[in-house]
Amino acid sequence: MRILLSNDDGIYADGLRALVDELKSIGEVWVVAPEREMSAAGHSITIFDPLRVEKIQFKGAKNVKAFYVNGTPADCVKLAVRALMPELPDIVVSGINKGANVAHNVIYSGTVSAATEGSILGIPAIAVSLRNHGSHKKSDFALAARFIRHLVPIVLTKNLPEHTLLNVNFPHPPIKGIKVTKQAKSIFVEEFDRRLDPAGRVYYWQTGKMSYFKAGTDVDDQAMLDGYVSITPLHHDLTKHKAIPKIRTWSADMEKALKQAHKKK
Ligand code: MN
């Protein structure tokens, strides 16, 4: 089995190292990860700058091929699959992220995007995140990493539906069990701290906090807050299929708008 690992916390993150340590015992592990932290990079890619790749050696993981890239998580997975690996990986695993990726955070998450890139390329993928609890130590990731070692064979034997990835979020211990969930609708309420730089110019520092919407127990954030490992199947098709019939009823009006546009009115 060939496993490609990536993340958005950077090549030297403890969460990535925890996955390396566990997964090297079940397959050939490749690591292609950003050179520096790229959290909240979303699905951005680098097209106007060169991508440079450096090989590194993880201590105590001789057989693991590891590279860092001066790009985004999505760059890393694309580059690994299209240019660095001689054969396709059987699975892409991204993480373990320091901090949860639930609700709307999924959109901004580089961790999820690295896994999404796998699923876009037709490769089964898992994104793994650990709920924040201040300072994460390497040992905090061990349980989640061991779970992923046991989850990978399940995903590969049961066959993940095409273009689907699993978004896994670990709660604070003690862990009550597993819940298969949907993405919650909670939002991050931003605050912009207005400050002055030494030259007297205004700048803003973006902060804020999650505003949880109570939306039942089968949503990712609530399951995690309730002490369950949340597992959400995600896909990158952003179509709101249920809205198509309604928007089609607007067709005549929109055709008229197009005609008016042609008339330059
Ligand atoms: Mn991160």
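Contact, as used for the packing described here, means heavy atoms within 4.5 Å. By that criterion, the buried residues of helix H1 pack against strand S1, strand S2 (28–34), strand S5 and helix H5. The model is a predicted one.

**Manganese site**
- Four residues supply the protein donors of the manganese ion: Asp8 (OD), Asp9 (OD), Ser39 (OG) and Asn97 (OD1), at 2.1 to 2.2 Å from the ion.
- Along the chain, these donors follow the spacing D-D-x29-S-x57-N.
- Asp8 sits in the loop between strand S1 (2–6) and helix H1 (14–23), and Asn97 in strand S5 (residues 91–98), so this pair ties together parts that are 89 residues apart in sequence.
- Asp8 and Asn97 are both buried.

- In soluble globular proteins, nonpolar side chains tend to be buried together.
- The largest nonpolar core holds 35 residues, of which Leu5, Val31 and Val93 touch the most other members.
- Helix H5 (residues 142–158) contributes the largest share of this core, with 6 residues.
- A second, separate core has 21 residues, including Val77, Met85, Ala115 and Ala125.
- Helix H1 is mostly covered, with 8 of its 10 residues buried.
- Among the buried residues of H1 are Leu16, Leu19, Val20 and Leu23, as well as Arg17 and Glu22.
- Asp21 forms a salt bridge with Arg17, with the closest N and O atoms 2.8 Å apart.
- Asp21 and Arg17 are separated by about one helical turn, because they are 4 residues apart in helix H1.
- Arg17 counts as buried at 14% relative accessibility, whereas Asp21 is partly exposed, with a relative accessible area of 28%.

**Other salt bridges**
- The whole structure contains 8 salt bridges.
- One of them joins Glu87 to Arg2, where the closest N and O atoms are 3.4 Å apart.
- This pair links distant parts of the chain, 85 residues apart: Glu87 lies in the loop between helix H2 (73–84) and S5, and Arg2 in strand S1.
- Arg2 is buried, with a relative accessible area of 16%.
- Arg195 and Asp193 also meet through their side chains in a salt bridge (3.2 Å, N to O).
- Salt bridges with shared partners join Arg2, Glu28 and Glu87 into one network.

**Surface patch**
- Val202, in strand S10, counts as partly exposed at 39% relative accessibility.

Notes: Residues numbered from 1 in each chain as written. Predicted model: local features only at pLDDT ≥ 70, side-chain atom pairs only at ≥ 80, totals over all residues. Heavy atoms only, no water. Donors = N, O, S within 2.8 Å, 3.2 Å for Na, K, Ca; no water. Helix = DSSP H or I, 4+ residues; strand = E, 2+ residues; numbered from the N terminus. Buried < 20%, exposed > 50% of the residue type's maximum accessible area, 1.4 Å probe, protein only. Core = buried A, V, L, I, M, F, W, Y, C linked by side-chain atoms within 4.5 Å. Salt bridge = Lys/Arg side-chain N within 4 Å of Asp/Glu carboxyl O.
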